[in-house]
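The following report describes a structural model for a computational reader. The sequence and coordinates are shown first, and the description follows.

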2 protein chains.
Amino acid sequence: MTKTTSLRPGATIGILGGGQLARMLAKAGARLGLRAHVFSPAADDSAFEVCAARTLAAFEDQAALAAFAAAVDVVTYEFENVPAETAAFLEAHSVVRPNPRVLALTQDRLTEKNFVRGLGIETAPFENVESVDMLTAAAAGLGRPSILKTRRFGYDGKGQIMLREGADLAGVFQSLGGAPCVLEGFVPFAREVSVVAARGADGGFRAYDVCENVHENHILALTVAPARICAQTAAAAVEMARKIAEASDYVGVIAVEMFVVEDAGGERLVVNEIAPRVHNSGHWTLDGAVTSQFEQHMRAVAGWPLGSTHRHGARVEMRNLIGDEVEKWPELLAEEGACLHLYGKKETRPGRKMGHVTRVIAED
Amino acid sequence: MTKTTSLRPGATIGILGGGQLARMLAKAGARLGLRAHVFSPAADDSAFEVCAARTLAAFEDQAALAAFAAAVDVVTYEFENVPAETAAFLEAHSVVRPNPRVLALTQDRLTEKNFVRGLGIETAPFENVESVDMLTAAAAGLGRPSILKTRRFGYDGKGQIMLREGADLAGVFQSLGGAPCVLEGFVPFAREVSVVAARGADGGFRAYDVCENVHENHILALTVAPARICAQTAAAAVEMARKIAEASDYVGVIAVEMFVVEDAGGERLVVNEIAPRVHNSGHWTLDGAVTSQFEQHMRAVAGWPLGSTHRHGARVEMRNLIGDEVEKWPELLAEEGACLHLYGKKETRPGRKMGHVTRVIAED
């Protein structure tokens, strides 16, 4: 651990994972003169096409991890499901940012929710579920509808089931493989928002405008910045993200997804999920902010000052291109002012994020 | 030549040259899902660090050129001094955009100036010089000061000498190696501007705001968009670029450098030089326009529609970081709203372009 933690241009950032987030991180780093070394087990990952160095190996391959750690100045990751052993090995041989304790925290919904609550921040009501009996008790307490989610490895709606009146609890529990779960009480939210923010190695913190997200089939479809929430709610949302980042000694870009509940007292925020990485709801910053979330992350992990999060235009929209939607590329290329981003994935599959398009709207 | 000339995402653009222009082209292509294959004879060229495929070979290596042509869907280039034989070979085996006739045109100052004049566009007064006698006659006609420039391979002030009163003409001619030259009469310009524009494969044409350039030691130091010229002059400048692009059946980004002369009749434009490629005076578009010049070039050579050239902010400034100036990177990273670009060059040398910084100024 003799490695420096404030880098010079020309330094190499190691990135675990080779999907579109790694791809956009690698490009943003190159803009700042940083080399990217992508480590991924998937040969046709598109981040391999824009990086200075490549390791094609399993995350469990310690020889490959050791060579990777020796070749890079800092390690970061594009996804939260980096195996704990991989992260521990790399931390022993290099500098890992964000620190791997954040991975442990966010890989398990139960740990994450307890952490958030411990900071005095509201989450959906939840109960730990490790058996049909526990599920029966939890469902009685939280009522219906409620949502059963596996504690680990869920994303884009995978690993979760809505519990309605009359559901066969044993069947539902088995359909998730009998894995440890949390049951979450239903939150009657008016809208979903997220805070994409960054914390620097020096403790500096900067957030982008809180943005509003629309999901379709559990996958993010649309983000609009800024969110239609009042200024106090936006400020409170940013403070929650700051608290979470500071409590976890976070370095890098973090995203915190929240529900906005409207009740008699006004707007209330309920934290849904933490993503310890650049996030799909921050893609609008590529065209809509002075510093993109990808550059911001690379600045943070390089130990550099954070950049301006100032937004361009009155409003910025980002729409995902999911599966076949990518076939709209010719009309999007021809649309005045639309900024098209394609991820270079060789195969189009239903539900797969193939690209996105942003639109900066000058005036409302 | 069975290759298609309107590509699909996933297609490969071959780029001749591996410097910062190729690097920024490769990244812009990746944003659109295009793969970049960089061909360069210089192993430590920094474009190699952001591309999907690499060929390290001499431009004269026909086996390497044939393999390259077979591996790519379209060939483009980052510099005008591609050897004529290389261009001809590639044109026989692939699609080359812009077409190599433009290279022949712009590689020789005499040919270029005759072409521009032939379009009814003003250039500096000039004479062909292939001997001391021709220089003596030309200098008598054009007066002093005047500028002797080699017809080929000049850039950033290299290959040119100012002729003043009393100069030793034979000595000056020999100091340029006795190479064919043009002598240019002095143009008493008020400012230097350039038009960065693009022509699509469908004949569509779009120009960015005319920008104003300041050179120091013959190297571009500063670009400001828009230029401080009147609207009619700006429109006339764009029309000249359009005429040049149409007359050469151009596809891609082109830059036309011009002098603005102020006289009793108002502002007058004198074309100085054509660059058949993305251009340093267009770097401001990376942060200051909806579509960067690099994306615009990739769109054009892919046979795709051109993107919006709309400018952000009231004014955009781009400053080059030449040689040691790159050592200012820490303060530039920390400057609110400054967008830093570093080219990943391993060695800093005097006069070498190491990076640039752009600033989008919201209001004047």
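Which domains does the domain assignment of chain A give? The assignment lists domain 1 (12-96), domain 2 (125-185) and domain 3 (191-361). The model is a predicted one. Taken over C-alpha atoms, the centres of domain 1 of chain A and domain 2 of chain A are separated by 34 Å.

## Strands β1 and β4 of chain A

Strand β1 (residues 12-16) of chain A is joined to β4(A) by four bridges, and the two strands run parallel. Within this pairing, Leu16(A) has Tyr77(A) in β4(A) as its bridge partner.

## The open sheet β5-β8-β6-β7 of chain A

In chain A, four strands in the order β5-β8-β6-β7 form an open sheet with antiparallel pairing. Why is one side of β5 (126-129) and of β7 (160-163) of chain A left without a neighbour in the sheet? Both strands stand at the edges and each has a single partner strand, so one side of each remains without a neighbour there. On average, neighbouring strands of this sheet are turned by 20° against each other, direction ignored.

The pairing of β5(A) with strand β8 (residues 181-185) of chain A is antiparallel and extends over four bridges. In this pair, Asn128(A) stands opposite Val182(A) of β8(A).

Two helices lie across strands of this sheet. Helix α5 (residues 109-118) of chain A lies across β5, β6 (146-150) and β8 of chain A, and runs at about 50° to β8(A). Helix α6 (residues 132-142) of chain A lies across β5, β6, β7 and β8 of chain A, with an angle of about 170° to β5(A).

## The contact between chains A and B

How many residues of chain A are in contact with chain B? There are 30 residues of chain A in contact with 30 residues of chain B. On the side of chain A that touches chain B, at least two residues each come from α1 (20-31), α11 (329-334) and β16 (338-342) of chain A. The element that gives the most to this side is β16(A), with four residues. Sorted by class, the side of chain A that touches chain B comprises 15 nonpolar, nine polar and six charged residues.

Is Trp329(A) buried or exposed? Trp329(A) has 20 other C-beta atoms within 10 Å and therefore counts as buried, the cut-off for burial being 20 or more. Leaving aside its neighbours within four places in sequence, Trp329(A) is in contact with Leu340(A), Leu342(A) and Pro9(B). Trp329(A) and Ala138(A) are 191 residues apart in sequence and, C-alpha to C-alpha, 46 Å apart in space.

## The nonpolar core

The largest nonpolar core has 195 residues, and those with the most contacts inside it are Ile15(A), Leu25(A), Ile15(B) and Leu25(B). Leu25(B), when its neighbours within four places in sequence are left aside, is in contact with Ile15(B), Ala36(B), Glu78(B), Val278(B), Phe294(B), His297(B) and Met298(B).

## Backbone features in loops

A cis peptide bond is present in each of the following two cases, with the omega values shown.

| Cis peptide bond | Omega |
|---|---|
| Ala225(A) to Pro226(A) | about 0° |
| Ala225(B) to Pro226(B) | near -5° |

Pro226(A) lies in the loop between β12 (219-225) and α8 (231-247) of chain A. In chain B, the loop between β12 (219-225) and α8 (231-247) holds Pro226(B).

Positive phi values occur at two residues of chain B that are not glycine. For Asn217(B), phi is about 50°, and this residue is found in the loop between β11 (211-216) and β12 of chain B. Asn217(B) has 10 other C-beta atoms within 10 Å and is therefore exposed. Phi of Asp249(B) is near 50°, and Asp249(B) lies in the loop between α8 and β13 (252-263) of chain B. With 12 other C-beta atoms within 10 Å, Asp249(B) is exposed, since the exposed class covers counts of 12 or fewer.

Key
Residues numbered from 1 in each chain as written. Chains lettered and ligands numbered in written order. Predicted model: local features only at pLDDT ≥ 70, side-chain atom pairs only at ≥ 80, totals over all residues. Contact = placed C-beta atoms within 7 Å. Nonpolar A, V, L, I, M, F, W, Y, C, P; charged D, E, K, R; others polar. Domains from an automatic or database assignment. Core = buried A, V, L, I, M, F, W, Y, C linked by C-beta atoms within 7 Å. Pairing = 2+ DSSP bridges. Axes fitted to C-alpha atoms, helices over the stretch in contact; angles between N-to-C directions.
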